[in-house]
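Hi,

Here is the structure I promised to pass on to you. Have a look at it first, and then read on for what I found when I went through it.

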Amino acid sequence: MKKTLFLSPPSFDGFDGGAGSRYQAKREITSFWYPTWLAQPAALVPNSKLVDAPPHNQTVEDVLAIAKEYELIIMHTSTPSLPNDVKCAEAIKAQNPDTVIGLIGAHVAVLPEETLRENPIVDFVCRHEFDYTCKELAAGKPWQEIKGLSYRDRNGNILHNEDRPLIHDWDSMPSVLPIYARDLDMTKYFIGYLLHPYISFYTGRGCPAKCSFCLWPQTIGGHLYRHKSPQAVGREMEEAKAIFGDKVREYMFDDDTFTIDKQRAIAISEHMKRLKLTWSCNARANLDYDTLKQLRDNGLRLLLVGFESGNQQILDGIKKGIKLEVARKFMENCHKLGITVHGTFIIGLPNETQETIEETICFACDLSPHTIQVSIAAPYPGTELYRQAQEQGWFSDNSLVANSGIQMSTLQYPHLSAAEIEDAVEVMYRRFYFRPRAIIPIVGEMLSDPQMLVRRLREGREFFAYLKERHTRATTKAQSVIG
């Protein structure tokens, strides 16, 4: 077995390139998801090591000191971070030209030919669901026999092996939690709406929903939800409690739609109640009251819900499959049951106008989830939104993220500019949070929990710094256009 390093390279300050969430970008406040995409293959490869540089503030020099001990290095990359990640690969190769370096991630899964052609330093990329591809590489299997592998041969030719089937036997997939315990510092991972310290991981992959913008189902996971059985998850959580004890305050099931199978979700929640563990998960805004109540009674604290827009035409256009009135009823039930909700919204989706932006802001304020995230529509390669943007000529000159890592608008429309989309993010944040109904619960949360008081004060400083940076960038951009 080759000495294998799984690496999330150093990146922009605060940039979460390995995000389990929808977009890879720098957040409004310090936010880092666990590197599950790297941890899962690391769990399959004996004696491998996982390095997640960004949250641990590790520099390229730090990575080089570690990398010299390894023969095979597998790096997670993303569309906005690829140039930066390639520079890290170049530094590793300069130190030891014999090091074999490859990439995984959504970008290389859909653009293997382009990635290898434009970046000669990269030896291979793993397409689509890559866990066992990584294991076979580490085991020294001949490259021409490894499914799902695209690589450069000794003559410099780029070759693509046949696709690897999706993983269906998820009960046989090892837990990532021992890898977290061995290689990561859980105190470095923050998500504003989750208790600290938290742990996030997947119990399966794939999402039946067909949202046109969503990255992972369209590039790696597919639309069939394949998952571990409730019994397997229960055993995994017993292991988690044995490893971490009471150090972890909350477990986040980061499956794209954990609640799509209601009975499975309830069965897993019963294990969480038995083990007295607090937990959260992703959910669609159509769960019924009885299911919500059972989950809450079994330890559910928070739901992460993608509402996206307050305009039904936009929701229908992105194939969200949710009606506004259903989402309103869902939030009403969550408020009744005392379930905290973190709502996510997107500005700049197809058919967006100043009027629909106003509808979304009003919709968010009416729903009044505890916290929100406002993202800019991001057309990542491999998604239907990317294809639409190419066909319709919606692309602006902007990158997905600025040099600072903050998400920018790469889309513009005849009736809505990229600058107007970016400005709307700040407007929505200010309109939502500067309301008594939003401020009072957050203040109450701070007064009841000393740790939360310190966190919210830090997050508040970061949030206003984020808004200031956005405003400064918008002003500079406007002045350059006028000039």
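Predicted model: local features only at pLDDT ≥ 70, side-chain atom pairs only at ≥ 80, totals over all residues.

**Helix packing around helix 14**

Helix 14 and helix 16 (residues 418-433) pack with their axes 10 Å apart, at an angle of about 25°. Angles under 35 degrees count as roughly parallel, so helix 14 and helix 16 are roughly parallel to each other. The crossing of helix 14 past helix 16 is right-handed. On the helix 14 side, the contact is made by Gln-354, Ile-357, Glu-358, Thr-360, Ile-361, Cys-362, Ala-364 and Cys-365. Helix 16 contributes Glu-420, Ala-424, Val-427, Met-428, Arg-431 and Phe-432 to this contact.

**A closer look at helix 13**

Helix 13 has 14 residues, and from its first C-alpha to its last it reaches 20 Å, close to the 20 Å expected at 1.5 Å a residue. Which of its residues are buried? They are Leu-324, Ala-327, Phe-330, Met-331, Asn-333, Cys-334 and Leu-337. Besides helix 14, the buried residues of helix 13 pack against helix 11 (289-297), strand 13 (300-308), helix 12 (312-317) and strand 14 (340-347). After helix 13 comes Gly-338, with a positive phi near 75°.

**Backbone details in the loops**

A few spots in the loops may interest you. Ser-368 has a phi near 55°, a positive value in a residue other than glycine. Ser-368 sits in the loop between helix 14 and strand 15 (371-376). Is Ser-368 buried or exposed? Its relative accessibility is 6%, so Ser-368 counts as buried.

Lys-276 is another residue other than glycine with a positive phi, in this case near 60°. You will find Lys-276 in the loop between helix 10 (262-274) and strand 12 (279-283). Lys-276 is exposed, with a relative accessible area of 74%.

There is also a cis peptide bond, running from His-196 to Pro-197, with omega near -5°. Pro-197 belongs to the loop between helix 7 (177-183) and strand 8 (198-201).

**Two buried loop residues**

Thr-259 is in the loop between strand 11 (250-253) and helix 10. With a relative accessibility of 4%, Thr-259 counts as buried. What does Thr-259 contact, leaving aside its neighbours within four places in sequence? Its partners are Ala-265, Cys-281, Asn-282, Ala-283, Arg-284, Leu-287 and Leu-295. Thr-259 and Thr-291 are 32 residues apart along the chain, and their C-alpha atoms are separated by 9.3 Å.

Asp-123 is in the loop between helix 5 (112-118) and strand 5 (124-126). Asp-123 counts as buried too, at 17% relative accessibility. Not counting residues up to four places away in sequence, Asp-123 touches Lys-93, Thr-99, Val-100, Ile-101, Leu-116, Trp-143, Tyr-151 and Arg-152. From Asp-123 to Gly-156 there are 33 residues in sequence and 9.5 Å in space, C-alpha to C-alpha.

**The chain as a whole**

Finally, some totals. The protein chain has 18 helices and 15 strands. Of its 483 residues, 59% count as buried. Among contacts in the protein chain with a separation of 6 or more, 71% are accounted for by residues 24 or more positions apart.

Best wishes

Terms used. Residues numbered from 1 in each chain as written. Heavy atoms only, no water. Axes fitted to C-alpha atoms, helices over the stretch in contact; angles between N-to-C directions. Helix = DSSP H or I, 4+ residues; strand = E, 2+ residues; numbered from the N terminus. Parallel < 35°, antiparallel > 145°, perpendicular 65-115°, else oblique. Left-handed = near helix turned anticlockwise from the far one by under 90°. Contact = heavy atoms within 4.5 Å. Expected span 1.5 Å × (residues − 1). Buried < 20%, exposed > 50% of the residue type's maximum accessible area, 1.4 Å probe, protein only.
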